[in-house]
Every structure is written in structure tokens, then in C-alpha cells.
Amino acid sequence: MSDLQTGFLCLMTRPTEPLFYPKYNGEVFMDLPPEYLPERYQRIAGSIKTHHGSTAKHHISIKPVELPDFGYTARVPRHGEFNLFNPAQRQVAGRLVGDLLSQPDPQAMLSVAAYARDRLNPTLFQYALAVALVHRKDTGNVPVPSFLEMFPTRFVDPALFPKLVEEGFVVQQGERVAIEVPPSFSASEADPEQRLAYFREDIGVNLHHWHWHLVYPQEGPLEVVDKDRRGELFYYMHRQTVARYNVERFCNRLPAVKPLKNLREPIPEAYFPKLLNSALNRTYPGRHANMVLSHVNRPDDDAVATILELESSLGRIKEAIQSGFAMAADGTRVPLDPKKGIDILGNIMENSILSVNVPYYGNYHSLGHVLIGFIHDPDNLYLEGHGVMGDFTTAMRDPTFYRFHGHVDDVFDMHKQKLSPYKAHELSFPGVSISDATVQITSGKAARNRLLTFWQRTQVDLGTGLDFGPQGNVLATFTHIQHAPFAYQIMVQNETAEQKKGTVRIFLAPIYDADGEQLLLSQQRRYMLEMDKFVVKLHPGDNRIIRRSDQSSVTIPYERTFRRVDASNMPGTESFRFCNCGWPDHMLLPKGHPDGQPFDLFIMISDYKDDAVSTGFNENENCNDSHSYCGLRDQLYPDRRAMGFPFDRQPVAQDHLMKDFVARFPNMSRTVAEVMFTNTIISRT
């Protein structure tokens, strides 16, 4: 590994330790110019180098360069909170990303970052550095640790850390054992919402949300923010997240979430996260049951908003949907047409810099998170920080996240419901038919169309984030849901005399709601879980397609979610950056039920001529394996159709059930597949 790569890794290791403090088991010393040290250490620069540098085997020399004026970063205090839902702090982050990207080469960026690291808010700095590394083409070989590795207290119960530190300091590296994270989560079983804690508090789910927003920031240089179909991806990724959560609720005999469309009603769900905000070394505040949102008046936090302000923004967004056009800042009408409308709405709703009119349409999504995040102390009377809803890394732990995003998705669906149902020629693929489709576990003699879920124990290394803690591996074991690997078998006939190219689209949908009532297709479309999407060549005659679950276009492999980084040695050269964006593979299947939960397995082959975009897309290269939710780096989204096609629009009136819809098109298949949950725990080998 080059000195440049090692230097960036040191910047991201143990983020609140001084940069000069030796990293990687004392082997690496960052040799900084005296003026680059924080003021506290400048007058003892010589003794620091003698004491810490003399024992390190490897020195990384930082060369002085012309530094930007970082005065603007004072809006985010060094030892304060950093909140990407906050417009002012988000602008600071965007400007910092721009300063890093504007450096002429990676060496200069390393020097600027080395100066800034110990002066800026650690979370702000690590976010901006990660965004810059992800988006610079000349830093493509620098691995970026996940927030789990840098800030483990945001993911793991802090009661565990004294045990981790004790094990690390007392026991030698080769004799250490992993500390068990008890699967009790954040509440007792008397709370019905606790049945979904395994989903909301899953480390992989929360890392996915953080990494998606890392790849798709709201602020920063235009070339960083303005990605193909960015607004539509915001809509679709969150729609799929809410759908997956609601399906999990059905599996646990709970109704779908009630969308939080009235911000003035009490919120019955309580949530007490039991996590440390690592920036402040304080726990994230909890929220009692039946609390009521109000204004937020915290000017020191750049958080000032009222419910009326959000209601006004929402009214204008709905007005745009009803009228069929948005009003740009210069007064021109921007049509919300079937192709671009959802993308425009996504950028308005999230309030990225791509919004057609920020002053008029406001900051609805982010301010919604702010109001909920400060519900416990809206006026800063008690000097409490934001709750988990105010932080990208933790927001998905809160039951209210899914209620709020269920409401946001309802607003998006107002636009989708205005669009005409797909016509037969848009759904058919003449000459291509599916004669049979099944899914089956790939190990042993498993029954067809029966899938299996269970609990799994997994180890993660938290040593990289233990500032001033023991060197080397410090392991924790936690329990999460997992599924047995499976594969689809699809039998397809190409009745023409020439080779055809098609896109296979696979969805899984619940047949019944929590009360056992069958879902109409008009309801079911909101719970369609995208499982996979891939391109196939169909030779004349019979074609047999086998597709494994670990090839899914939705997920990232287990190893990229839970990397075992050996903190005691120099890291390898793996490139984990854009690659880390994607739904965790272990959460691909819903949990199911011990008695078996029936699902509609929908498979469609659409005509690739209607799907293709001008891109050199290869799903087997350059971390392209999770493009359904995350798109492609520096390329167009690899599907011309609307995200969620063919279920993003309402069905025609005669398609009451899924079987009615599929019966009209030979290029579609519906199979009833069962997901069985086994309440056993298996250790990962």
C-alpha cells in the first residue's frame, strides 16, 4: 500500500485521536509540520515527534501546502453535533467537500485534510472526506471505512464498550475473544414495536442508509450532486425501504405503518435508542409516547422551523402534483411528465441543490427529520442534542422514520396515480413467454418454492473506532436475521427465429395483510419488494435461466457490510467505496413466519430494446452489483424504465389481483413462494 493510501486511512482511523498519535498498532506515524498540529501541541512538536515517532516503523510525511480558509466551518463546533438534515450545516459540509475536491492532486488533498482533521468537528470531517474520496477519480484505490468502523457507538449499545476495552487491554491479540452483543435491542417485548427491532436496529440496514446519502449528497459541487436520476433514486430507495418494513410487519402480524401525514397529532410510538452520539459522548435522547411536534427554535444549532412552514411547503408540492408542473425560480413551468416528473419531485422533496425552486418549495423532508429529532427539547431549554431521527446513521432505528417516510411516499404516489396505467404494448414482449418459474434453496434436498430464514451470529471488529483504546482487533458478536442461499429457475421460450435480449425483473410481494385479508393488486403494488433485475440473451427455442440470490442487483455481499478489518495490521488494498452502497444481502428476504408466509413471486421479462440506455454497463464489474437502489458510478442508471416498473403505476381496472395481471401477458409469471422462519441461531463459519 502506498504512503498516500496509508495516509488517508490514518485520517479515518480513530477519528477523535490526534492525527500524530501512532496508528495501526503503533506502526505508522503521521509526520506533520509543526504549524499543522492543533495549537495545544505546537509548542511541544519536537517532543511529540521524539516520543511517538521514534517507535513507529513507518513515517508518512505531510508537506505544507496553501490552505483554504476554513473559517466557515465554525458553524459546526468541534465538540458539537453535526446534522446533515440541518440546511446550514449541510451547506458547510458541501463547501468542505468542494475545498477537498478542488485540490490539484491527492497529495495536496491529503495535506489539506491532515491540517483540518483535528480542528474540525470529527463527524463533519469524516463525512466530507469520505464524499471527496468517493467522487475523486484519482483516489479510487483508497478504501473508505464504514461509519460502523469509525463511530461504533452509533451502532452498538455503549454498555458493551467497557468490556471491549478491558478485553483489548488485558488480553493479548491472539488470545482475545469476541464480546457478545445481547439481542435485546432497545425495549422489552411488552412493546409491540419491539417485534421489528431486528429490522430497524440492524447494523447493515443503517449502514445502507448512511452510505446511500454519502454517494448522493444534497450539497456540494454540482458534479458531485447532479447524478443521473438522483431525485428518482431518493424516491425509490426510500419507497423500497418502507415497503420492506411494512412486509416485515405483516410477517410479525402487525399492520402497515400509519403514515405521519398530520404533524399536529401526538406520536404514540416511543423510542429510547440507548446509543452514544460519539461527537458529544452523550446518549441520543429518547422520545416518550404521545409526544406532540411543535416549532423548533434553536438558532445556535441553525435549526429554526415551524409546523406551519412544513405545511406550507407540502401544500405547494401537492399543488405542483395536481397541476402537473412545478414552478421554477424564474417563473417558468417545469412539467411533471411521466419520464422526468418523479425525478423533479424527488429533488424538491429532499431539497437537494437540484431543486427547481428552493425558496418556494422549501425543505420538507429534512425539516421533518429536524422537527421529530428535536421533539424532546425544541427550544434547547435543557441543552439536549437531537434524537436519532436527526442523524443519517441512526434515523432508521426509530419507528417514526417509517411513518414519516410512509407519508412522504404517499405524496410521491399522488403523482404516480395521475399517470395512465401501462398499456399492453409497454408490458408485453412478443414472441417471448415464461413456461415455468420456481425458486429453491441451493443446499440440500430442499422443496421447491420454499425459502428459509433464521438467526445468525456474526463478528465485527470495532478496534478501528476505539479512540485511545487498545490496539489490534477488538471483536463483538451480534445476532441478525439471515436467509439460506437460494436460486431462481426460469424456463423461457423464444418463439422467434432470432436471438432476443430481455430484462428479467423479479419482485416478491405479500399476498395477505396482517389480518389475513388478501391484498388487491392496487394495494399490493405498494409492497412489491424488488429482488433482482438482470439482462439475458434468449436463443430461439427453449431457454433455462438460473440466477442465484447472491447475484441480486439490490444487495451488496455480506463481506462488504461486515468487513473484518484487522486493525492491528496495515489494511489491504480493497476498494470499498461506491461498492458499499446497497441493501445488505442478509436482509434480502423478509423474515417470513414459523408457519410459512406465502408470497407472490413475480417474474417478468421485458424487451431490452425498450429498457436499454447508452452505457457500457456490466453488472460483474466496478461494484455494479447493487445498482437497483444505488445506480452506477459516473454512468446512467442502467434501465430506461421507471424505477419499480411495472408496479410504479396503478393497474387497469380489470386487474383486481396479481393473477389477473399476469394472465394477460405470457412474458410474466406468478408463483406462490413460502418463506419459513426457523427460530434458531447459527454461527457464521
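This is a conversation about a predicted model, in which each label is set against its definition.

Modeller: Residues are numbered from 1 along each chain as its sequence is written, and side-chain values use heavy atoms, with hydrogens and water left out. Since the model is predicted, local features need pLDDT of at least 70 and side-chain atom pairs count only at pLDDT 80 or more, while totals for chains, interfaces and linings use all residues.

Biologist: Happy to start with the sheets! What makes E11 and E12 paired strands?

Modeller: Strands are DSSP runs of E with at least two residues, helices are runs of H or I with at least four, and both are numbered from the N terminus. Two strands pair if DSSP finds at least two bridges between them. Nine bridges join strand E11 (residues 450–461) to strand E12 (residues 475–483), so the pair qualifies, and the two run antiparallel. Across this pair, Trp455 stands opposite Ile481 and Arg457 stands opposite Thr479.

Biologist: How do you know that E3 and E12 pair?

Modeller: Two bridges join E3 and E12 in the parallel sense, and the definition asks for at least two, so they pair. Glu180 stands opposite Thr477 in E12.

Biologist: In what order do the strands of that sheet run?

Modeller: Seven strands form an open sheet in the order E3-E12-E11-E20-E19-E14-E15, with mixed pairing. Strand E3 (179–180) and strand E15 (529–538) are at the edges because each has a single partner strand, which leaves one side of each without a neighbour in the sheet.

Biologist: Which helix packs on this sheet?

Modeller: Helix H12 (residues 230–251) does, touching strand E14 (500–510), E15 and strand E19 (597–607). Contact here means heavy atoms within 4.5 Å. The direction of H12 makes about 115° with that of E15, where axes are lines fitted to C-alpha atoms, for helices over the stretch in contact, and angles run from 0 to 180 degrees between N-to-C directions.

Biologist: Why is E12 called mostly covered?

Modeller: Buried means under 20% relative accessible area, exposed over 50%, and partly exposed in between (1.4 Å probe, protein chains only). Nine of the nine residues of E12 are buried. Both faces are covered, with Leu475, Thr477, Thr479, Ile481 and His483 on one side and Ala476, Phe478, His480 and Gln482 on the other.

Biologist: What makes His483 buried?

Modeller: His483 has a relative accessible area of 5%, and the limit is under 20%, so His483 is buried. Leaving aside neighbours within four places in sequence, the contacts of His483 include Leu452, Phe454, Ser549 and Leu589.

Biologist: How do you know that the length of helix H6 agrees with expectation?

Modeller: The expected span is 1.5 Å times one less than the number of residues. For the 14 residues of H6 (residues 122–135) that should be 20 Å, and the end C-alpha atoms are 20 Å apart, so the two agree. H6 is also largely enclosed by the rest of the structure, because 14 of its 14 residues are buried. Asn121 caps the N-terminal end of H6, with a side-chain oxygen 3.0 Å from the backbone nitrogen of Thr123.

Biologist: Why are the phi values of Arg253 and Leu383 worth a mention?

Modeller: Most residues other than glycine have a negative phi, and most peptide bonds are trans. Arg253 has a positive phi of about 60°, and phi of Leu383 is near 55°. Arg253, in the loop between H12 and strand E4 (276–277), is partly exposed at 40% relative accessibility. Leu383, in the loop between helix H16 (364–373) and helix H17 (399–418), is exposed, since its 56% is over 50%.

Biologist: Where is there a cis peptide bond?

Modeller: A cis bond joins Phe645 and Pro646, with omega of about 10°. Pro646 lies in the loop between helix H22 (627–630) and helix H23 (658–663).

Note on methods. A polar contact is a pair of N or O atoms within 3.5 Å; within protein, one must be able to donate a hydrogen and the other to accept it, and residues adjacent in sequence count only if both atoms are side-chain atoms.
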